[in-house]
Amino acid sequence: MSRFLNFDTLSLHAGQIVDPVFGARAAPIYQTTSYVFPDTDTASSIFNLERGGHAYSRITNPTVGVLEQRIAALEGGSAAVCTASGMAATFCAITAILGQGDHIVASTQMYGGNISLMKNTLPRFGITATFVDPTDTDGFAKAIQDNTKLIYGELIGNPGLDILDLEAIGKIGADQHIPFMVDATFNTPYLCRCFDYGANMTIHSVTKWMGGHGVAIGGVVVDGGNFDWGATDKYPTITEPYAPFQGINLWEEFGPSAFATRIRAEAMRDFGPSMAPMNAFLLLQGLETLSLRMDKHLANTMELLDFLTNHDQVSWVNHPSLASHSSHELAQKYLPKGAGSIVSFGVKGGREAGKAFIENTELASHLANVGDAKTLVIHPATTTHSRIDAEALVAAGITEDMVRLSVGLEDVADIKADFETGFRAAKRIAKV
Amino acid sequence: MYADVQGKQVFATTGGKPFDNRKPTVIFLHGSGLDHTFWGLHSRFFAFRNYAVLALDTPGHTNSAGPPLTSIEAMADWLNDVVEELDASNISLIAHSQGCLVALEFAARYPERLKSVSLVASGLATPVNDALIKAAEEDPEAAIAMMLGWGFGSAGHLHQGPIPGNSMVAGGRKVMRGNVPNELATDLKACNAYQNGRQAAAAIQAPVQVIIAGKDRMAPAKATADLVEHLPDPEVTLIEESGHMVPQEVPNQCRQLLRDFVFSNNPAT
């Protein structure tokens, strides 16, 4: 092997050493809490970060490790740490470098959980955030304060689907020595490898398209390895001695994987949001077919965009692949294969018509998830984004009539037929 | 830690323990375009076993001030400047690839403080083809891809790194991107120009260990055989399954070999 392996091959093979005892081809489920050390010297070496190895599954686990290394390979990152959920990944990543008195500049268009974390929860820990319209690139620069230590956004905003200008915002961060973290859940590395455009770390809810089957919750933080932590003294958690590991200097000793190592050494140890080995196994099964599924998601999305934009019960359709979308050009630049399989649209007749549509579809499942193999619909204003205030709702681009659609892998003719049933019900409501 | 050597800043990681020149010293030398992090799975091990450790960035690389040095001989002299500045003694040199050429030359020129030399994945010379040197100057990404592509064996290409969650290849790429185009191109030219390996090898007085990788495309069997033939009574070990990046691809085997050799030839109290 002298040439680098391509995406589909990495999806199947990266990170896995074929079981040397029984030759199992699939990654085995190492359902164990702990690991027998061959001798005391090896044990102390693992605990002291002198060598790789497993001590306790809260910190590392061989099955989870395969998933981590596979995702790192697909993203082009230097290291990855899997967590119990996407929100755990976000929290661990933020707290690895921010603390009391620090500040985040974040996009307004993010998953409601991210907004709530930064608006309501992190301030209790002394971390504040300023939210900026993702289309206002200059706004990110203007919002930076002396204590800003992170720029955060979702490449494909949720649910407005505005596209972050990765290169421009990455440059703002690089110029001011502030890392740029991107929640890349909606794009996956198959549609865009954010590190190629200036992101320094990515977050994924692996629950979504990466797993794809809707059977396991999981998250991951990927370290791009491309941020110079040593350029300033703003990031002491990375560049200063870390007492719990005998004063280790992570930047000196781990270089491009220093950030991921901090998460492993602190967040996984002290907070403990570890991914279960069984979940890692399930998510690996999904990841093996990521590109095949994404292609089908995208094909179905394009068919449904055509269907919805020409439907007389639909008042508007929003997707970056449409020329009418304000982020269309950025989508073509960063997401040339397609801008994901989330679509938002308005049902004529407003809130009640939208409700009728959702309640009368049968194939499309009404639930709070995206990126499943099955088509999903939801009303964001009353569910995923119900915990954010009216002002933030407007900032996030959420309207009362909005239906968020996560396009699945069914035969698209069946999805259209199902939607017709929903639209007929909505039409009846609208006429009342 | 940083040291001022001949008016220029030199960086070395000390493996998590303050450098103490009263202890026997283990000095790690990296290969072309790389830096101290290449030895991360080895330097901390020795530091916590009572050795003074210096995993150096050669001039111009990552944290050490430039410009990069243009010959292996100059690198050996620079290494001696570092040793003298820090007054390091009882030295075990551990080197990989280009670092081995520097170690050969240093061992021949400055034998006084040396206790042992460990050479990992190297021949007596490192001829570099013109296409790679040209790529390093004009298309660094292509040069990095060539070097990492040839350098790592299947474990690297399959991202099967020894540290859970880490990708050896991606980590190497990030380090090398910080050391292009000047440092990498200069390193490669220095390797290509070095002709004194045979004489240097014959002049070495300290015990020498050679670790050979069975799937090494950058220091293939013929080259390593030439090295072994010209060294005085080396201790030779073949790790059949590894590519060129032995200290990262098979760190546990490599560390055990280095440990046994250094412990026996340069014991720490």
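Analyst: Five strands of chain A form an open sheet in the order β8-β9-β12-β11-β10, with mixed pairing. Strands here are DSSP runs of E with at least two residues, helices are runs of H or I with at least four, and both are numbered from the N terminus. Two strands pair if DSSP finds at least two bridges between them. The model is predicted: local features need pLDDT of at least 70, side-chain atom pairs count only at pLDDT 80 or more, and totals for chains, interfaces and linings use all residues. Residues are numbered from 1 along each chain as its sequence is written, while chains are lettered from A and ligands numbered from 1 in the order in which they are written.

β8 (314–318) and β10 (365–366) of chain A are the edge strands, each pairing on one side only. Inside the sheet, β9 (residues 342–347) and β12 (residues 402–406) of chain A run antiparallel and are joined by five bridges. Gly346(A) stands opposite Met402(A) in β12(A).

Now the domains. Chain A is assigned domain 1 (7–286) and domain 2 (290–431); such bounds come from an automatic or database domain assignment. Their contact takes 32 residues from domain 1 of chain A and 37 residues from domain 2 of chain A. Contact means C-beta atoms, placed from the backbone, within 7 Å. On the domain 1 side, α1 (7–13), α5 (112–121) and α8 (188–191) of chain A each supply at least two residues.

Last, the other chain. That contact takes 41 residues from chain A and 31 residues from chain B. The largest share of the chain A side, five residues, comes from α3(A).

Conventions. Two residues are in contact if their C-beta atoms, placed from the backbone, lie within 7 Å.
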